[in-house]
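Please follow the account below with the model in view. It treats the pockets and then a sheet with its neighbouring helix.

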Amino acid sequence: MFDSAMDDFVNRVRERSDIREVVSRYVTLNFKGGRYWACCPFHNEKTPSFTVSPDKGMFYCFGCHKGGNVFKFISLIENISYLDAIKLQAERLGIDLPSRKKTSAELKLEQKQKTLFKIMTLAQDFYHNNLVKTAAGETGRKYLEARGITSGVIEKFKLGYAPDSWDALTKVLQVRGFNDKDLFDAGIVSRKRNGAGVYDRLRGRVIIPINDINGNVVAFGGRIVDEGEPKYLNTPETEIFSKGKLLFGLDKANRAIISADCAVIVEGYLDAISLMSAGVENVVATLGTAFSDSHARLLTRYARRIILCYDSDEAGQRATIRALPMIQNAGAEVFVAIVPDGKDPDEFVRKHGKAAFEDLLKNALPFFDYKLQYIMSRVDIFSVDGKARALRELIPVLATIKDSSIQLEYRQKISAALVLDENVILDELHKFLDAAEKRLAKKINPVSENPEAKENILARQAGSSIIKKAWYEGDVLSYVLGYVPMETFTKSHREILSYLEKCTEMGKHPNDLSAAEELSEAANAELSRILASHTVNFSEADEQAYTDSLKVMRLVYVKSQYAKVRQEIEESYNSGDEAAYLQKLQRALEIQREMDELKFA
């Protein structure tokens, strides 16, 4: 839990935060039926199932089931922690963060991170000096010179060279007082197989420092100079380095990206370095791993236009196809710049220069055009199967285009490319959208012919009604849990009820902040769904629903007890224990009577 100063700070930020205003920064909300609705920013959909209730300060999506308060929304949309979301909103509102005494765990982590940052800075200096000042660095200098990388670029990026030695860096840092564990935790050494000592992880490679957004060195990438594999070798993730949360060069490119409202993504470090040194400053690269949703969310904090410029080989095209929907789902306009002649961006810009590369960016293809081109090059459009396959892959993308005039233009493009009547394409689009609507409807209001499934749905609805009552009137909890044991409820409902029980014991009213801290992701989303689905004030209908829900949950509990007793009856009969058999039979009859009463009450 937060301390009192932090509690006061968080409450001030929450009180001044209008969730409708915050959400409106990212999506367009429409008022309908007492709530605001929009297409969910966290998943693709045609019909709005994302709702915001300003009076409760909550949001919930009936499609993907994400939900919570204003801080939860910010943490999801910005891909940051819950606490960082509070700080970000405070910064937007001009509220200063309070100072507080750090816990021993926080102080320990802070000290550990300081040690790792210091190690990485010293390692960077070692590699850099080895490249520019020693005879051992001649191999690295020749390689970089052949790639057209000047001394100015080397200095700007603090490029280095790791000598082909098992312990050159290790010895230097050990002399500076760092032990083997510190060096291993920083990721720059590996442990020997026999466990006795460590050795340099990067050897005989050009070194590219990887910085966090604040410019701190957190990792290294090593590019092999001669033939061999792997071509690139990165230091591993550590307390200060998470590759899924970083993009190479973002610390240097962020201002240019914001200024241009556009980010260019390339695959390799040297692609990014070459482009930046040529004057294309709004460029970043992935860290030797596939582009992810986290990367997409990170970039859309800086720009709403993203251009992918991967290598033109088959692997690069496949990576582009995988990344495109992620960027689109993050809410950005996404384009693809195609480097001709199968070259990579580094080769192209060195041969043709900045102006030619910027022309590639200006002529970048929109998502759909690239997808159409990609599919057309891989199917036999003159065969029935080829046309069907192409259409299957194109229709889901076409369905994401909401502007009717643009969608019409692309339908015409598909028609011309596949030599198909436009009405055929329109029919397939309608079929896809109808199926999507049915899937969404099933998620929001699932219906099943299976009696057990229907009972589970009723139990979930009943549990929701009970939780809603307990949220606003905590004193009903002792009666509820006396009448319906905790184990009868679903896992998420048990978690919420336990939290409410704890609040009652402490004499505190539950709120969205403490709930977000205490509850799991799933339980917090379920609580958001429950609160978003009801009005704050209890009506006569709500009271009746609560009473009926108690009976439903009691019936679920009694049925479970009946099944248990039936099993015990069978065991007693098989064992020949007549007394136990008669006793269990009597108990089963009592439970049966209660079941009948509850069914017809």
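In this predicted model, 43 residues line the largest pocket, and those nearest its centre are Ser-81, Asp-84, Lys-87, Gln-113 and Asn-214. The space in this pocket amounts to about 1,700 Å³. Four helices, α4 (82-93), α5 (104-133), α10 (250-260) and α12 (293-299), each contribute at least two residues to the lining of the largest pocket. By class, that lining comprises 18 nonpolar, 11 polar and 14 charged residues.

The second largest pocket holds about 1,300 Å³ of space. Its lining consists of 41 residues, with Gln-328, Ala-330, Gly-331, Ala-332 and Glu-333 closest to the centre. At least two lining residues come from each of α3 (70-78), α4, α13 (314-329), β15 (333-336), α16 (367-376) and α18 (404-418). Among the contributors to this second lining, β15 provides the largest share, three residues. The lining of the second largest pocket divides into 22 nonpolar, nine polar and 10 charged residues.

Four strands form an open sheet in the order β6-β9-β10-β11, paired in antiparallel fashion. Its edges are β6 (160-162) and β11 (232-234), each of which pairs on one side only. From one strand to the next, the twist averages 35°. Three bridges join β6 to β9 (residues 205-211) in the antiparallel sense, and Tyr-161 has Val-206 of β9 as its bridge partner. Across β6, β9 and β10 (217-224) lies helix α6 (residues 138-146), which runs at about 75° to β9.

Notes:
Residues are numbered from 1 along each chain as its sequence is written. This is a predicted model: local features need pLDDT of at least 70, side-chain atom pairs count only at pLDDT 80 or more; totals for chains, interfaces and linings use all residues. Side-chain values use heavy atoms; hydrogens and water are left out. On a 1 Å grid over the protein atoms alone, a cavity is a set of points where a 1.4 Å probe fits but cannot get out, and a pocket is an open set with protein on both sides within 12 Å along at least five of seven lines; lining residues have an atom within 4 Å of a point. Grid points are joined across faces, edges and corners, and a volume is the space filled by probe spheres set on the points. Ala, Val, Leu, Ile, Met, Phe, Trp, Tyr, Cys and Pro count as nonpolar, Asp, Glu, Lys and Arg as charged, and the others, Gly among them, as polar. Two strands pair if DSSP finds at least two bridges between them. Axes are lines fitted to C-alpha atoms, for helices over the stretch in contact, and angles run from 0 to 180 degrees between N-to-C directions. Contact means heavy atoms within 4.5 Å.
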